[in-house]
Amino acid sequence: MTQQAPVERNAECRAERRGGGARVVVVGATGNVGTSVVLALAEDPCVESVLGLARRMPLWRPPKTSWHAVDVEPGGADLAELFTGADAVVHLAWKFQPTHHPAETWRTNVLGSIRVFDAVAAAGVPALVHASSVGAYSPGPKDRTVDESWPTHGWPQAAYTREKAYLERVLDTYERTHPDVRVVRMRPGFLFKRQSASEQRRIFAGRLLPSRFLRPELLPAVPDLAGLRFQALHTDDAAAAYRAAATLPVRGPFNLAADPPLDAQVLSRILDARSLPVPTAPVRAALAAAWRLHLVPASPDLFDAVLRLPLMDSSRARRELSWEPRHTSVEAVEEFLDGLRSGAGMDTAPLAPDPRHAPRFARSRGRGQGVSAK
């Protein structure tokens with residue numbers, strides 16, 4: 001679907017703002033998704049200002065954006081005070097680790113999110129855009145796509161999917177209690193960009209894994225596992241959908257994914273490797289052993305969840321947000337792998353580059369986003 005003409009978009013976004021351009025608060029503004037959302041909003045003529053909230057203040061300085069250090073966990077700052085006067089709050093803050101201590105991630109991801117939701121209502125903010133996920137969905141088909149009506153009960157063994165699904169139930173009640181708040185739930189697939197490579201390496205592969213094992217060109221084969229078929233999206237494309245959701249009068253859930261779905265055959269072509277049919281059980285056993293030994297932070301329960309994720313139909317986002325991804329899923333993964341090779345990152349704490357590539361990163365700071373050549 002083609003994008004709306006600028007005059008049409010401006011007419012629609014005027015319905016959402018209280019005078020002048022929209023004021024948008026982004027909670028969790030310095031990670032993979034947050035940095036792309038902040039930049040997308042800053043470049044939107046409908047947006048007057050962006051307030052980025054994060055636990056640690058970044059060096060990155062995008063246009064129209066101010067920063068405030070805050071923790072969303074219980075006992076943190078008064079979020080309603082920070083939200084007062086905003087036209088929309090985009091909630092992205094999420095803690096992936098430590099997977100060995102799910103009570104800690106629950107405190108940030110669930111209790112912290114509920115604090116954000118309550119503060120939106122208390123401050124009278126008219127719109128809340130929440131980062132849900134494909135991980136919120138119950139196990140589903142791999143041979144066809146499902147729309148936003150597919151059940152969102154997650155995979156109960158994995159903390160990530162359990163927390164995403166729980167927040168879907170929280171928002172079900174929230175929407176009934178606060179019908180005056182326009183609630184949007186974004187459910188993207190796996191999100192990749194060049195600048196996120198170092199962060200995602202730390203989150204999922206860990207700091208202890210030798211770098212040589214992360215060089216895609218040295219992988220001899222891609223394991224062809226039962227259920228290994230998932231969707232990916234360039235983070236900047238997801239950010240374009242978030243921007244539209246924050247500034248247009250839409251409600252409800254939106255699936256976000258790019259073509260083609262990724263499986264062992266597609267991944268083997270990307271990596272110039274062969275695909276090799278492998279039983280799932282020994283792969284999971286090896287991952288579980290490495291996780292128990294704290295060699296990798298990604299849990300075997302998350303591995304189980306990935307193999308059960310449904311494929312999503314993104315027609316609603318294309319239709320109601322006038323959204324179309326600019327990158328294929330293959331291009332998003334290729335860009336991420338290039339960033340992995342170069343240890344890419346940004347001038348924010350979550351996206352800090354691999355230290356072994358710090359000199360290259362330092363030389364690139366004059367290039368607008370402080371992004372290394374990944």
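Trainee: What joins the side chains of R284 and D301?
Mentor: A polar contact of 3.3 Å. The term covers a pair of N or O atoms within 3.5 Å; within protein, one must be able to donate a hydrogen and the other to accept it, and residues adjacent in sequence count only if both atoms are side-chain atoms. This is a predicted model, where local features need pLDDT of at least 70 and side-chain atom pairs count only at pLDDT 80 or more, while totals for chains, interfaces and linings use all residues. Residues are numbered from 1 along each chain as its sequence is written, and side-chain values use heavy atoms, with hydrogens and water left out.

Trainee: And which polar contact joins R284 and D304?
Mentor: One of 2.9 Å, between their side chains.

Trainee: How far apart are the C-alpha atoms of R284 and P300?
Mentor: They are separated by 6.2 Å, with the residues 16 apart along the chain.

Trainee: Switching to D263. Where is D263 found?
Mentor: In strand β13, residues 262–263. Strands (E, at least two residues) and helices (H or I, at least four) are DSSP runs, numbered from the N terminus.

Trainee: What lies 3.0 Å from a polar atom of its side chain?
Mentor: The backbone nitrogen of V266. D263 itself is buried, because its relative accessible area is 16%.

Notes
Buried means under 20% relative accessible area, exposed over 50%, partly exposed in between (1.4 Å probe, protein chains only).
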